[in-house]
Amino acid sequence: MNNFPLSVRIKSKVKETPLVTTFTFDYPHRAEPGQFINVWLPGVNERPMSIAFDDGKAYTISVAAVGEFTKLLGKKKVGDMLGIRGPYGQVFTWKPKQRIAMLAGGYGVAPLYFAASRALKDGCKIDFFHGARSKDHLLFAQHVPKLKNTRYLPATDDGSAGFHGYNVQAWQEELSKGVAYDLVMTCGPEVMMKVVSDRAFEYGIDAQISVERYMKCGFGVCGNCTVDDLGITTCQKGTVMPNETVRKIKEFGKYHRDAVGRKHLY
Amino acid sequence: MADLSVNFCGVTFKNPLVLASGILGITASSWRNVVRNGAGGITTKSLWLNEHQGHPNPVIIANDHYMLNAVGVPDAGVKKAEEEISLFLKKRGASKPPLIANIIAGSVRDYGVIAEEIGRMKPDILEVNISCPNVESEFGTPFACVAGDAARVTKEVKKALKKVAPKLPVTVKLSPNVENIVEIAKAVVDAGADGLTVMNTVGPGMAINIESRTPILANRVGGLSGPSLKPLAVKFIYSIRQALPEIPIIGTGGVLTGEDAIEMMMAGATLVGIGTGVYYRGVEVFGLAAAEMNAWCTANKVKKLSSLIGTVK
């Protein structure tokens with residue numbers, strides 16, 4: 001049980017969009033879809049990031065340069081060293097040959113793309129509802145459509161690609177048509193995932209939801225990521241949780257807490 | 001089933017295992033989760049008068065041997081404390097697991113102000129943190145490191161409580177990083193402390209990532225905790241108990257099992273705090289250790305666990 005940062009070198013760096021870069025690390029972390037790692041920039045800070053891919057030999061993270069930390073991370077070059085702790089957290093799970101709806105919002109596409117690529121090996125069939133503000137923000141749009149046995153169903157707020165509206169509306173249309181899903185997986189903005197949780201509950205579909213809270217330690221000790229009223233830590237009991245658990249989290253879709261524990265409404 | 005209950009300054013705990021301050025413990029729901037997992041009571045994370053930012057990450061690192069932390073005592077201030085404490089007191093259930101409110105401040109005067117604010121919220125016990133090794137860069141040497149400073153804070157807290165909660169028991173959390181802990185303990189008790197919490201984390205210590213040649217904690221240094229510190233804690237508790245046999249002690253430091261807790265009680269502790277133990281055994285550590293204490297008592301024909309307190313002379 002070692003929770004010190006492990007020094008790893010950047011093996012390759014690929015620009016996905018003007019903002020997003022995918023880094024590959026040459027280290028067998030053997031992370032599963034839905035898990036996260038804590039990325040440490042020595043002397044700067046450390047942030048949890050979801051694993052975008054892991055083939056057992058190397059793994060990748062996709063980083064949007066939007067804040068001070070991610071901008072600094074984006075400047076790192078091939079061969080540079082970072083610290084990595086983890087992988088932490090629960091994983092997405094499925095049974096062979098299931099019909100799965102995946103609802104990805106924004107950067108939530110990364111772990112779901114990883115989950116899809118694994119689930120396909122078990123004969124699953126996937127409808128991938130990919131939501132973003134506009135066409136330019138559809139991260140991984142070049143990768144997801146290449147997956148076998150997958151219907152790629154993008155949805156954009158401005159209608160610049162795919163369905164004009166939210167991905168949950170596109171999913172709702174499929175449900176109305178009578179498409180029967182065995183399982184729903186979702187990762188993205190909480191207000192979107194709250195709708196997924198409610199809809200899945202109404203339709204009696206199993207759902208797995210990635211609940212993200214402000215995390216520090218990653219191993220269930222600091223307590224910053226506990227949720228009301230269950231009081232469980234999302235870093236350990238999540239981030240991926242079954243809908244039955246999520247429905248007991250009273251703050252889900254309503255508020256979250258910052259680094260000092262203060263509530264912020266969604 | 002042995003009787004595991006203990007009485008600390010008139011407050012009854014169903015078992016002596018309490019969540020130590022600083023681990024989990026930010027919200028009422030998290031305190032209740034700890035109680036559901038078998039704790040006899042809980043201690044809040046340190047409460048400040050105003051919002052206090054913690055340190056950047058990493059704030060906690062750990063391995064099989066130790067934990068090093070410099071979370072930096074983040075807190076949102078008294079308004080949030082009131083919301084969470086009142087929620088816990090309202091929802092804690094018929095068994096009434098006690099709440100120990102832990103307070104911290106940067107000046108003697110502010111200790112009085114926060115004590116008064118928190119005292120009004122009717123916690124069962126007030127614990128005064130004068131020994132955090134992780135805010136030294138902000139506030140200098142902890143008050144717990146100088147007998148006179150430790151006594152001044154204690155007096156100020158007791159004075160402030162006279163108006164709002166004169167019967168609220170006060171325990172002062174001592175630092176192990178001193179030359180003579182018994183001298184500090186005596187000064188604090190002379191100043192009016194009803195109990196003592198022994199001990200805070202050790203150090204601070206430092207861990208360096210050799211590839212980047214950088215200290216890992218963003219604060220560079222942090223308080224050391226974990227199983228190997230238990231003998232230190234046991235010795236400090238023992239020495240204080242010998243010098244001040246009437247003063248109840250909350251023992252903390254490296255407790256992972258029921259046997260560890262029993263050892264600490266024999267040295268002189270009435271309550272036993274578990275913090276880093278949550279890392280090694282999960283939040284389930286409280287129920288596991290309570291069951292281990294019960295099994296030990298049964299096997300050794302001890303009917304009342306509290307009869308073991310301070311039995312090692």
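Lys15(A) is found in strand 1 (residues 6-15) of chain A, where strands (E, at least two residues) and helices (H or I, at least four) are DSSP runs numbered from the N terminus. The model is predicted, so that local features need pLDDT of at least 70 and side-chain atom pairs count only at pLDDT 80 or more, whereas totals for chains, interfaces and linings use all residues. Residues are numbered from 1 along each chain as its sequence is written, chains are lettered from A and ligands numbered from 1 in the order in which they are written, and side-chain values use heavy atoms, with hydrogens and water left out.

At 59% relative accessibility, Lys15(A) counts as exposed; by definition, exposed means over 50% relative accessible area, buried under 20%, and partly exposed in between (1.4 Å probe, protein chains only). Leaving aside neighbours within four places in sequence, Lys15(A) is in contact (heavy atoms within 4.5 Å) with Val20(A) and Thr21(A).

Strand 1 of chain A runs antiparallel to strand 6 (residues 81-88) of chain A, and four bridges join them; two strands pair if DSSP finds at least two bridges between them. Here Val8(A) has Leu82(A) as its bridge partner. Strand 6 of chain A is also joined by four bridges to strand 3 (residues 36-41) of chain A, again antiparallel, with Val39(A) opposite Ile84(A).

Chain A also holds an open sheet of seven strands in the order 10-9-8-7-11-12-13, with mixed pairing. The edge strands are strand 10 (163-164) and strand 13 (240-242), each of which pairs on one side only. Within this sheet, strand 7 (residues 99-105) and strand 8 (residues 125-132) of chain A are parallel and share seven bridges, and Arg99(A) stands opposite Lys125(A).

The structure holds 28 salt bridges over all chains, each being a side-chain nitrogen of Lys or Arg within 4 Å of a carboxyl oxygen of Asp or Glu. One of them joins Glu284(B) to Lys237(A) at 3.9 Å, N to O. This pair crosses between chains, from the loop between helix 9 (277-281) and helix 10 (285-299) of chain B to helix 5 (residues 234-237) of chain A.

Within chain B, Lys304(B) and Asp3(B) meet in a salt bridge of 2.9 Å, N to O. Lys304(B) lies after helix 10 and Asp3(B) before strand 1 (6-8) of chain B, so the pair ties together parts that are 301 residues apart in sequence. Lys304(B) is partly exposed, with a relative accessible area of 38%.
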